[in-house]
Amino acid sequence: MLWKGESATVGKLRLLFVKEGRAVYISHLDLLRTFQRVFLRQGMVLRHSQGFHPHPIISFALPLSVGQASECEILDFEVNGDMDGAGLAEELNRFLPEGVRAVECYVPVRPVRELAALRCRVGLVYDDGVPEGAAEKIRGLLLGESVVIQKRTKRKAMADIDIRPMLHSLEIKEEPGLLRLDVVVAAQNPGLNPALLAAAVEVHLPELRPDFVQVRRMEMLDGEGRIFR
């Protein structure tokens with residue numbers, strides 16, 4: 001393993017990690033700073049950008065929204081050294097905050113642009129129990145020809161978008177106090193935030209609006225439906 005002060009070549013590594021529990025409320029930028037500090041404490045020498053304001057070369061494959069959990073987050077970074085990442089996940093876990101857990105570190109072989117879809121679990125929670133017939137009504141809505149909702153654009157304006165083409169599959173199961181939606185959604189270009197499925201229910205079926213929404217990423221997939229690593 002490479003430590004501070006050692007001369008080295010440049011290597012690229014990818015870290016697979018879990019984010020859950022209270023850590024779901026850590027923002028994207030705060031999580032980025034957390035990892036920068038964790039790498040520093042561990043002794044890793046990260047490669048920095050060039051120019052007047054150099055910064056560590058580190059990025060998330062697909063930033064997670066605040067309040068959402070994940071079992072499959074990916075962090076790419078570059079190090080000043082030729083290493084394969086073996087044993088690094090265990091070392092980083094000594095310094096990571098509660099709710100963030102490194103699973104595996106390895107040399108990436110696929111570019112992030114091949115990340116095509118997300119398998120997610122969305123929980124629609126009802127304090128007074130799931131309304132009668134809710135599962136069938138929501139299934140009919142989300143699997144209809146179109147599901148139009150308003151979404152804020154990059155220019156901060158509101159625009160109508162049809163999220164139906166970005167929903168690849170849907171399974172709904174009723175459990176005590178909640179409906180569990182297992183979905184596969186488009187990841188990027190464009191991608192669908194699974195929380196917007198709950199927003200669609202609120203807009204088109206307001207009587208079935210949930211009291212709370214849970215979102216958890218289960219797996220990242222490529223265009224063939226295979227696990228992306």
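## Contacts and burial

Residues 24 or more positions apart make up 73% of the chain's contacts with a separation of 6 or more. A contact here means heavy atoms within 4.5 Å. The model is predicted: local features need pLDDT of at least 70, side-chain atom pairs count only at pLDDT 80 or more, and totals for chains, interfaces and linings use all residues. Residues are numbered from 1 along each chain as its sequence is written, and side-chain values use heavy atoms, with hydrogens and water left out.

Of the 229 residues in the chain, 44% are buried. Buried means under 20% relative accessible area, exposed over 50%, and partly exposed in between (1.4 Å probe, protein chains only).

## Fold and extent

The chain has 4 helices and 10 strands. Their order along the sequence is β-α-β-β-α-β-β-α-β-β-β-β-α-β. Both element types are DSSP runs, numbered from the N terminus: helices are H or I with at least four residues, strands E with at least two. The C-alpha trace spans about 65 × 35 × 35 Å along its principal axes.

## Helix α4

Which residues of α4 are buried? In this helix, residues 195-204, they are Leu196, Leu197, Ala198, Ala200 and Val201. Their cover includes strands β5 (117-125), β6 (148-152), β8 (167-175), β9 (178-186) and β10 (212-221). Helix α3 (134-142) is also part of that cover.

## The loop between β9 and α4

Asn189 sits in the loop between β9 and α4. Pro190 has its place in that loop too. The peptide bond from Asn189 to Pro190 is cis, with omega near -10°. Asn189 also has a positive phi of about 60°, although it is not a glycine. Asn189 is exposed, at 73% relative accessible area. In general, most residues other than glycine have a negative phi, and most peptide bonds are trans.

## Surface and charge

The accessible surface of the chain is about 12,500 Å², and carbon and sulfur atoms hold 50% of that area. Areas come from the Shrake-Rupley method with a 1.4 Å probe; for residues, only the protein chains shown count as cover.

Tyr25, Val66 and Phe212 make a nonpolar surface patch of about 350 Å². Val66 lies in the loop between β2 (58-60) and β3 (69-79). Patch residues have over 30% relative accessible area and no salt bridge; nonpolar side chains (Val, Leu, Ile, Met, Phe, Trp, Tyr) are joined within 5 Å, like charges within 9 Å. A salt bridge puts a side-chain nitrogen of Lys or Arg within 4 Å of a carboxyl oxygen of Asp or Glu.

The chain carries 30 positive and 31 negative charges, with mean positions 6 Å apart. Lys and Arg count as positive, Asp and Glu as negative; His and the chain ends are not counted. Each charge is placed at NZ of Lys, CZ of Arg, CG of Asp or CD of Glu.
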